[in-house]
Amino acid sequence: MRRQGLDTVFGNPGSNELPFLTGLPASFRYVLGLHEGAVVGMADGYAQATGRPVLVNLHAASGSGNAMGALTNAVYSRSPLVVVAGQQVRPAIGAEAMLSNVDATALAKPLVGWAAEPSCAGDVPRSLTQAIFEARLRRCPTYLSVPYDDWAAEADPGAEAVLARTVRRSACPGPAEVEALAADLRAARRPALVLGGDLDSDGHFDAATALAERLAAPVWAAPSLFRLPFPNRHPLFRGVLPAGIAPVADALAGHDLVLVLGAPVFRYHEYLPGDHLRPGVRLVQVTDDASAAARAPVGEALVTDPGAVIHALLDLLPERPQKHWEHTVPAAPAGGTGALLHPEQVFAALRETQPPDTSYVVESTSTNGSWWRQMDLRRPGSYYFPAAGGLGFGIPAAVGVALARPDRPVVGVIGDGSANYGITGLWTAAQWRLPITYVLLRNGTYGALEWFAGLLGTPDVPGTAIPGLDFTATARGYGVHATHAEDLAQLRALLAEPADGPRLIQVDTAVTTPA
């Protein structure tokens, strides 16, 4: 683990895990979460912010099962989590003793890219090494179930040879492929770019911006966005593509060539059928995710490193006269009603009070439209969102991002519906004294559900109202300083104060839709 850089462990242990944890060297950092969903959320944020595999320590079937919902986000953000779960002693598994994970690999297999249980105790070092390499190479979570009596066994002869192994992937595009793509872009009358979250995850934010400016091409972010790959106030930015088939076709109509970099084609959400593309629109996808290329319903695909393609195109495409790209200014925020602030007022206050290098972990789905209308994000690593829409990501993921990037301010923007799923992450933030500012938007509803009810023609469904929640009291119980902002002036004053530990600011907001 140390040689592979896995010296931070996120976990919630049970009895099966104690033999693994005993004698853990002081140079390792064990970050405890109070629920397995929060543990995986923290690890997901940490892995995204560092770009490296991270180890997650979970209990057998019960603990792993609790983590499955959060694991879906890590799958779709392609976060390299190495989940090591404790298993009963080998002689007790077949008899299904308490805390046995009878079919351990099957439990995790629908989600993770690789799952295993060592065939014998001596195979544990090799199996753990494979779990790390699989996570790194496939960019996906992996799962290793280890019977707890294995940790006391002698390793097989020669097992230490795995410590010296390195496994790397080289997937550079061929010169002919890049030249053909460059020729297509030169010949295109109205090219457009669609950029995915993978570009920010892999450190290509600035290069993607340079490519768009070289082409002077409009840029959309791919739908169902979990990371921001392009400055959202750049004059070439057209916003996040809607997550429906027909609206995407409408948005891209009129372009003769659409180049999709680092994204699936496409991750739709609302079922709004129609033609995937309008006549005359050619789409070319460049991704290193072979599965995403294989399942796309339209377009051509090149499976290779998108970053290498971007840099190669910058070498081949002609430079333009130097131009200063003046970023756009957000419109005045919409006003609230009575004592309720409009979410745009909250986001404008964040934009005007927080440092420009702030990392925002956002889990307030009903305010997406307000968010993009008001924010001005120009730095890599500025935006994190649950990649599969699984609630419970925001509060713990902010912990992971803060641990991974202590050099940057971290703000969690959390809806009251989302907060309940990952609330225990506040305790971990308090224990580590992380300077995270949580802005809790309280509107008393599952706002996104109410919006969907309108889309689906089901306006009378129960279970969308959640009145009576006071997150300031809950946060204080977990050891987090908490304040209820009564009005915009108080909110701005609170945000202007530096955070010397975790804090939660609750603000009552009007119900809005994601659009």
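Me: What counts as two strands pairing here?
Reply: Quick ground rule: DSSP has to find at least two bridges between them. Strands are DSSP E runs of at least two residues and helices are H or I runs of at least four, numbered from the N terminus. This is a predicted model, where local features need pLDDT of at least 70, side-chain atom pairs count only at pLDDT 80 or more, and totals for chains, interfaces and linings use all residues. Residues are numbered from 1 along each chain as its sequence is written, and side-chain values use heavy atoms, with hydrogens and water left out.

Me: How many bridges join strand S4 to S6, and which residue in S6 is the bridge partner of Val82?
Reply: S4 (residues 81–87) runs parallel to S6, with 6 bridges joining them. For Val82, the partner in S6 is Thr142.

Me: Which residue stands opposite Thr142 of S6?
Reply: Strand S5 (residues 114–116) is also parallel to S6, joined by 3 bridges. Opposite Thr142 you'll find Trp114.

Me: How many residues of S6 are buried?
Reply: Buried means under 20% relative accessible area, exposed over 50%, partly exposed in between (1.4 Å probe, protein chains only). Thr142, Leu144 and Val146 are buried on one side, and Tyr143, Ser145 and Pro147 on the other. For strand S6 (residues 142–147), that's 6 of 6.

Me: Which residue caps the N-terminal end of H12?
Reply: Look at the backbone nitrogen of Gly307: a side-chain oxygen lies 3.0 Å from it. The residue that caps H12 this way is Asp305.

Note on methods. A polar contact is a pair of N or O atoms within 3.5 Å; within protein, one must be able to donate a hydrogen and the other to accept it, and residues adjacent in sequence count only if both atoms are side-chain atoms.
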